[in-house]
Amino acid sequence: TRQVSKSQVGFGRYFRLLPLVMLVGCNWGYGAFIDRATFGSAVLHEDGTRCVFALHDVVYRPAEGIRAFPDGGVPRYTVDRHKLGFVDVNTGKVTVLVDRKNRRWLQGHGSFHVTAVKGRSALVRQSGQRLDYEPDRLWWRLDLNSGALAKLPLEEELAANGRILSRVELADADFTLILITKKDDAQEIWSRTADGALRRLAVTDHYYGTAEGQIWWYDVPAQAGARTDYLSGETVRERRANFRIPSKDSQIRCKASFDNRALILEQQLGGSWSERTLPVQADMLR
């Protein structure tokens, strides 16, 4: 039988306890878990049944004691995920389409934002500070049927044309985008079809929006209202006092609650709005 010395016994105990010591050391100096799962945005689909949402699922432990010195310290994140999905406003059934661990952004950054929804697609923005602390912004096309998320190189495409992107709108169910851009001090309106084709439509500081397959704007040099087909680029100008873009006020919509922990369905009835909290909470989707 092999003889074991006291020193060997001591080393054996040390190595058995080492993982526990390391675990305690890693978690020492952090407070209780804080749940910060929040809905960043929500848009009701035109079918009136699907509330498409963006969720940033976050759980962290704040630094305490010496770890918080001198400026509050760095919290320890245990959950940091970006999610996209929708909830059926009639049944409460939730479908999560995208669930990604945060790898590109600083902890707690890079939240999705659902900008618009039409047909089978949603226009999604993502922004925050990258791991190198530089601010960044990405654009995505989300397929509401398959959950596929395709990156849109909008900033790069416009930079190649000497323009800076200011804002993006989703014009139709074919995923035609309207790009509000800047060149020097001038504002330009461009269109981008789903295949990536760009078209310069107008130079104006008076852009009203899209309707009936056209952008509506005011042509100052011509002193006329203008309608430009965003696919062909053809423009019609009208000098009339009642020139205005057709509008249709929504009677129903969904949004995040004030604390961003729930989703709310709003409906207009007889000139007043009623609210109903949907049966889904941010922390339920973890």
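## Largest pocket

Strands are DSSP runs of E, at least two residues in length, numbered from the N terminus. In this predicted model, five such strands, namely E2 (38–44), E6 (111–118), E10 (164–170), E14 (207–211) and E18 (252–256), each contribute at least two residues to the lining of the largest pocket.

The space in this pocket amounts to about 970 Å³. Its lining comprises 33 residues, and those nearest the centre are Lys118, Thr210, Lys248, Asp249 and Ser250. Divided by class, the lining consists of 14 nonpolar, 10 polar and nine charged residues.

In soluble globular proteins, nonpolar side chains tend to be buried together. The largest nonpolar core here has 18 residues, among which Leu84, Phe112 and Leu142 touch the most other members. At least two residues of this core come from each of strands E3 (50–61), E4 (76–88), E5 (94–101), E6, E7 (121–129) and E8 (135–143).

Beyond its neighbours within four places in sequence, Leu84 is in contact with Phe53, Ala54, Val96, Leu97, Val98, Phe112, Val114, Val124, Leu142 and Leu149.

## Proline 279

Pro279 belongs to strand E20, which spans residues 272–281. This proline counts as exposed because its relative accessibility is 52%, and the cut-off for that class is over 50%.

When neighbours within four places in sequence are set aside, Pro279 is in contact with Gly92 and Met284. Its C-alpha atom is separated by 9.2 Å from that of Ile264, a residue 15 positions apart from Pro279 along the chain.

Note on methods:
Residues numbered from 1 in each chain as written. Predicted model: local features only at pLDDT ≥ 70, side-chain atom pairs only at ≥ 80, totals over all residues. Heavy atoms only, no water. 1 Å grid on protein atoms, 1.4 Å probe; cavity = no way out; pocket = protein on both sides within 12 Å on 5 of 7 lines; lining within 4 Å. Points joined across faces, edges and corners; volume = space filled by probe spheres on them. Helix = DSSP H or I, 4+ residues; strand = E, 2+ residues; numbered from the N terminus. Nonpolar A, V, L, I, M, F, W, Y, C, P; charged D, E, K, R; others polar. Core = buried A, V, L, I, M, F, W, Y, C linked by side-chain atoms within 4.5 Å. Buried < 20%, exposed > 50% of the residue type's maximum accessible area, 1.4 Å probe, protein only. Contact = heavy atoms within 4.5 Å.
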